[in-house]
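These are my notebook entries on a single chain. I looked up a few contacts, the charged pairs and a surface patch.

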Amino acid sequence: MMWRSPALVAGGAILIVMVALSLSSPWIAPYPTTEQHMLHRLKAPSGQFVLGTDQYGRDLLSRTLAGARPALALGLGAVALGLALGVPIGLAAGYAGGRFDDVVMRVVDAMLAFPALLLALLIITALGASTGHALLAIGIANAPGVARIVRSASLALREAEFVLAARVRGERHVYVMFGEIFPNVLAPVIVEATLRVGFAIMAGASLSFLGFGVQPPTADWGLMIREARQYVFLSPWPLIVPGTALAVTIVAFNLFGDGLRDRLGAT
């Protein structure tokens, strides 16, 4: 039962709330995200501004709610791209084995030698700063790790009886990889994808903080933290509010992934 995994329940509950708030933010946000109240700059939480205001007098609650959408979209989109690139590579390397596996995995190892954020920075520096390029860069940076995990799982199954039976039937290699092997490595792939969403959200916020991701005046947690750092001694709320939202979201994905791993028995 799902209820036997507290991490899965807690992470799932937080994620449901976060997704619901992000989707409903245009209707529940008390103010437009770009509306400025210059007479109320850097205000602490109050009845008028529940979570306070930033350096331009913009409502932090409204901007934090709106910032959930690009964060979740970038995290989920980047992981989906990483899966789309890494799963076929890992399946092909594990299924083929031999020299092809050696060549492919040496390239993967070379990419894994770079920290994921550094690799994403290299890619986005070449492409230019934008939300789409940030998603592409983080997705590509995630692909090598996904490929290695899928390759390890599929390598152990390439000589399994059901795979050998499919070969004897004359099935095409593509069918054997995706029709026979992939369903049996799906559990670790799902767990890995869930855990990677949190890291992708953090990477996206980091890129925005460095000026390579979401651009002003769009509401984004990393960008909000970047803009608030020079005013932290005047008012900590513009830093605390988006930072807390970012931390809670990442912890929720990690809890959900850990609980899912326990439930599915993936290693």
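Predicted model: local features only at pLDDT ≥ 70, side-chain atom pairs only at ≥ 80, totals over all residues.

Entry 1, a loop serine. I looked up the contacts of Ser 235, taking contact as heavy atoms within 4.5 Å. Ser 235 touches Leu 42 and Lys 43, when residues up to four places away in sequence are not counted. I located Ser 235 in the loop between α9 (221–228) and α10 (237–264). For helices I used DSSP runs of H or I with at least four residues, numbered from the N terminus. Ser 235 has a relative accessible area of 4% and is therefore buried. My classes were buried under 20% relative accessible area, exposed over 50% and partly exposed in between, with a 1.4 Å probe and protein chains only.

Residues are numbered from 1 along each chain as its sequence is written, and side-chain values use heavy atoms, with hydrogens and water left out.

I took a salt bridge as a side-chain nitrogen of Lys or Arg within 4 Å of a carboxyl oxygen of Asp or Glu. The structure holds 10 of them. One of these joins the side chains of Glu 227 and Arg 58, at 3.2 Å from N to O. This pair links distant parts of the chain, 169 residues apart: Glu 227 lies in helix α9 and Arg 58 in the loop between α1 and α2 (60–96). Glu 227 is buried at 17% relative accessibility, and Arg 58 is buried at 5%.

I next examined Glu 192 and Arg 196, whose side chains meet in a salt bridge of 2.6 Å, N to O. Why are Glu 192 and Arg 196 separated by about one helical turn? The reason is that they are 4 residues apart in helix α8 (residues 186–210). Glu 192 counts as buried at 19% relative accessibility, as does Arg 196 at 17%. I also recorded that salt bridges with shared partners join Asp 54, Arg 58, Arg 63 and Glu 227 into one network.

Finally, Glu 159 forms a salt bridge with Arg 158, with the closest N and O atoms 3.5 Å apart. Glu 159 is partly exposed at 47% relative accessibility.

I placed Ile 28 in helix α1 (residues 6–28). Its relative accessible area is 43%, so Ile 28 is partly exposed.

Key:
Helix = DSSP H or I, 4+ residues; strand = E, 2+ residues; numbered from the N terminus.
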